[in-house]
Amino acid sequence: MIKIIKFKKRKVLLGIVFFAIYFAIVIGFIFYPEGMMKHLHTKDKKLVQIPFLIVSIFPFTMLYSYLRILFRKKAIIITSEYLIDNSKYESFGKIEWKDISKIRRVKKNNIQIFLNPIRLKTNPLKTFIRFIGPNSEFRKSILISDTLLDCSIKELYKTISKTYKEYKKKGDRTTAV
């Protein structure tokens, strides 16, 4: 069984458009801080420019992530041997079922997959993006969200859980023989 889940390209493009709007506002505040300074009661331009430069780091990482996934065709591939997660730039890619210790649903639109500690190694850029991202509190696991996916989180969770349970059941039969 192979299940392929694609991206909602419209949402990826929408993210790029929001970044462009945000970037225009940040550039405006950096080069013309006088408009913002009226509200801050300060005469020092650096007090306005430096925070906007610091705050703009996160949207640049998001833009980089969106551009990297814009041309990907498949977000998640589920087979009986492994799961390939390409739903975000900082995703791990191919994860074999044997490297997964537990799967559970978190909040409304996330699936949390707990991995063996050896599997949690990625390149430095992906680690940095995971660290500053909104899901940085999940250090020993990964989160898969349905935000950019072309299916519901219920359907995705059901498919992943079913395939993982089948793998576990098959593994239990092979070790018992």
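In the hairpin of S5 and S6, which residue takes a positive phi? The legends below belong to a predicted model, in which local features need pLDDT of at least 70, side-chain atom pairs count only at pLDDT 80 or more, and totals for chains, interfaces and linings use all residues. Residues are numbered from 1 along each chain as its sequence is written, and side-chain values use heavy atoms, with hydrogens and water left out.

**View 1. The hairpin of S5 and S6.** Lys107 takes a positive phi near 55 degrees in this hairpin, which has three residues between its strands. Strands here are DSSP runs (E, at least two residues) and helices likewise (H or I, at least four), numbered from the N terminus. S5 and S6 run antiparallel and are joined by six bridges, with Arg104 standing opposite Gln112 in S6.

**View 2. The open sheet.** Three strands in the order S5-S6-S7 form an open sheet with antiparallel pairing, where two strands count as paired if DSSP finds at least two bridges between them. S5 and strand S7 (141–145) are the edge strands, each pairing on one side only.

**View 3. The pairing of S6 and S7.** Strand S6 (residues 110–115) pairs with S7 in the antiparallel sense over five bridges, and Phe114 stands opposite Ser141 in S7.

**View 4. Confidence along the protein.** The mean pLDDT (the predictor's confidence in each residue, from 0 to 100) is 76 for the protein, and 68% of its residues reach 70 or more. Confidence is lowest in helix H5 (residues 124–132), at a mean of 59, whereas it is highest in strand S5 (residues 100–106), at 89.
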